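Keep the sequence and the model in view while reading.

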Amino acid sequence: MVNTPIIYLSTKQMPFVKMLLVFIIGIVLARAITWTPTLLHYCWIIAAVLFIVLFLTAIFKFLRRWMEIVLYLIWFALAVIQFGRSMPESKSHFVGNSAGEQWIGRITDEPICKMTSCRFPVELRGALDSLGKFIAVSGKVMLTVYPDTGSVNLTTQYGDIIQFSGSLNAAPSPKNPHEFDYKAFLANRGIYHQQRLPSDQLRIIKSQKDWYSYVLMAKRHLVKKFKRSIPDHDAFSVASALVFGYRAEMNPEVYNAFVDTGTIHVLSVSGMHVSMVFIMLSFLLKPIDHYRQGKNTRFALTLLLIWSYVILTGMAPPIMRSGIMISCMLLAQWIGRQTWSLNALFVSALLLLFFNPKSLFDVGFQLSYLAMIGIFVIFPMLRALYLPRSRWWKTLVDYCYISIAAQMITTPLTLFYFGQFPNYFLLANLLVSLPATLIMYAGVGLMLIPIDFVSQLFGEIERVAVTNMVGVLRWISNLPGAITQGVHIDGIQLVLLFSALITLFIAFNYRRKMMLFIGTILLFIVGSSFSWQYIQKQNYRGIHIYQTRHQLAIAWFDRDEVTLFSTFDSLNHSTIQYQVMANLKHYRGAKSIRFQPLPAKENILLKMGKKRISIWNTERVLPNVESDLILIRNNRALSEQVLRDSSFYILDGSSSDTRIVENETYLTAQGAKYYTLKDNYAYVWKTN
């Protein structure tokens, strides 16, 4: 008896899957290469030779059997070249090799302005040295501009050619355990330097506009219209983020409600939103088919409007993926051919990676494509297990299966990057699906209809729908056990989990008992490693002194308890959330973390188990207390102090560079043990 697979997968139906895999291998290899301009030139020569060989295989019949291999080698070479071209080391005029005093560049994205600063990327075009001589320079810089006094009020906008002074700084690496890697985030966008400067050091040379300037103008107009029509700020921020991707004014508490319930994909403009727009356009433009050339007109209008929406919402990888897939499907229908969803998915990935190979290392790109693979592959298998006959129940079960399929395949990557799992993701997705759909369609109506009273009506619909949706998500996030945190996995566990998913898919799809056995063994290995990690974390005792510049943050991990001692005002402070909280949640859930405020101008003695930490904040004389560790702050001077041989000294970022050098010199001369926290990695002391 032949076992018929539930899903028939064949490279004949997916001709682009091999090309995509070869291209991905080329990108991964290129990332490990140390690039130079000469190496890039050699790669171009190799690619040219391969094209010549391809031409020869097309001419001579006896060489045609090698044509496919040569094609794959060309794709591999193009992947390496495209990645190499994106690396700064391959450019002869890279900014890292230049010594300019004045920099000239073009703003390449809309500035994001808050009360005290504006931030925007600048593509450098040149520099002026100390003699005023022009130097050719390439590279991107993330510029943060702040005023000398008061709130920032800059007139800079996308396309402006600007000149600014100062030395550029390389983007810093993370200074704390599990801290968000901002350096890698910028590098994936081709940015390797940053600078902060006052507004009086920036000058606009001239303003330039291109087609994208008008897109941003349209987006600013929509932001103003949504603000007028939706007076509630939280409702406005959610509606504008969901409909056209404007998230600059999002309330962190509202954002966390989406994160904790596994519904962040609803808030981020993605393929789901583009699909909603496509369904709406298909319905509205269907009557055009009755006219002569109506079908062609409908296809053309749909493509035009879909890509207008994709461009308006920012062209993020999930949106581009959906736009390309819908375009492939429409073009196939237009010319009367069938298309397979997985093949269209691989085409979109190949196109995006060709133009931006660093997208492969973007978390949004990875999660977006994994979710779609899960929907296309796991969803049909779940439907084969059970599907009710009732139409309404079938719709409900289908939606549950879609959520489960996407969650199953993205969970390993979510645990790897974020270390948390939303336990009520299915309930949350079910309850927000209807209001999210309503918000989307009402938002499109608000975007397109210029009549004031209609805009007010749609604005009220948006407010009510968003308020109810956010209320439901807050309720779910506050349920007992709503989120599991601290479940981080390493690279080996990630590979094992994906291997288990693949073997189990083969086992159930092709009825292979051996694959079921292998998948079960892999899951057992991963489960055993999880259990070992859990025991290790439960028994962990240690002290972490974080790098938070001038402020102080010390965590005491005592098995079941985690306490943060800090001069910040609360756990909700932005610096704590950005630099410290990820490490705390690595061991305990956010609700289990205690916060203990510390005075910034008093000497303090902290007792953590059997360890004693003395914090020297004030007075000229070192506090006369027995301590295992002495933290020296606020420019306290160690010269002529009586040191304690048994103590370890830490110099933190609240002291000036000059004072730290003086204290380092004195400690070295006295033979004392010390660690300089300023501009260095956090100090981690495992005490058990």
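A disulfide is taken here as a pair of cysteine sulfur atoms within 2.5 Å. By this rule the count comes to one disulfide. The model is a predicted one.

**Cysteines**

The disulfide joins C113 to C118, with an S to S distance of 1.8 Å. The link of C113 and C118 is right-handed, with 110° about the S-S bond. In general, such a link is a covalent bond between the sulfur atoms of two cysteines.

How accessible are these cysteines? A residue counts as buried under 20% relative accessible area and as exposed over 50%, with partly exposed in between. The table applies this to C113, C118 and two further cysteines, C43 and C328.

| Cysteine | Relative accessible area | Class |
|---|---|---|
| C43 | 13% | buried |
| C113 | 45% | partly exposed |
| C118 | 1% | buried |
| C328 | 22% | partly exposed |

In soluble globular proteins, nonpolar side chains tend to be buried together. The largest nonpolar core in this model has 99 residues. Helix α15, residues 425-448, gives the largest share of this core, nine residues. The residues with the most contacts inside the core are I27, W35, F226, V238, F244, F258 and M469.

What does W35 touch, leaving aside residues up to four places away in sequence? The list for W35 is A30, L40, C43, V80, F83, G84, M87, E89 and S90. One of these contacts, C43, is also in the table, where C43 is buried at 13%.

**Helix α20**

Helix α20 covers residues 657-670 and has 14 residues. From its first C-alpha to its last, α20 reaches 20 Å, close to the 20 Å expected at 1.5 Å a residue.

Which residues of α20 are buried? They are I660, N663, Y666 and L667. Seen down the axis of α20, the buried residues fall within an arc of 130°, so they line one face of the helix.

The face of α20 turned away from the buried side carries the exposed residues T658, T665, T668 and A669. After α20 comes G671, whose phi is positive, near 75°.

Technical notes: Residues are numbered from 1 along each chain as its sequence is written. This is a predicted model: local features need pLDDT of at least 70, side-chain atom pairs count only at pLDDT 80 or more; totals for chains, interfaces and linings use all residues. Side-chain values use heavy atoms; hydrogens and water are left out. A nonpolar core is a set of buried Ala, Val, Leu, Ile, Met, Phe, Trp, Tyr and Cys residues joined through side-chain atoms within 4.5 Å. Buried means under 20% relative accessible area, exposed over 50%, partly exposed in between (1.4 Å probe, protein chains only). Helices (H or I, at least four residues) and strands (E, at least two) are DSSP runs, numbered from the N terminus. Contact means heavy atoms within 4.5 Å. The expected span of a helix is 1.5 Å times one less than its number of residues. The arc is that of the directions from the helix axis to the C-beta atoms.
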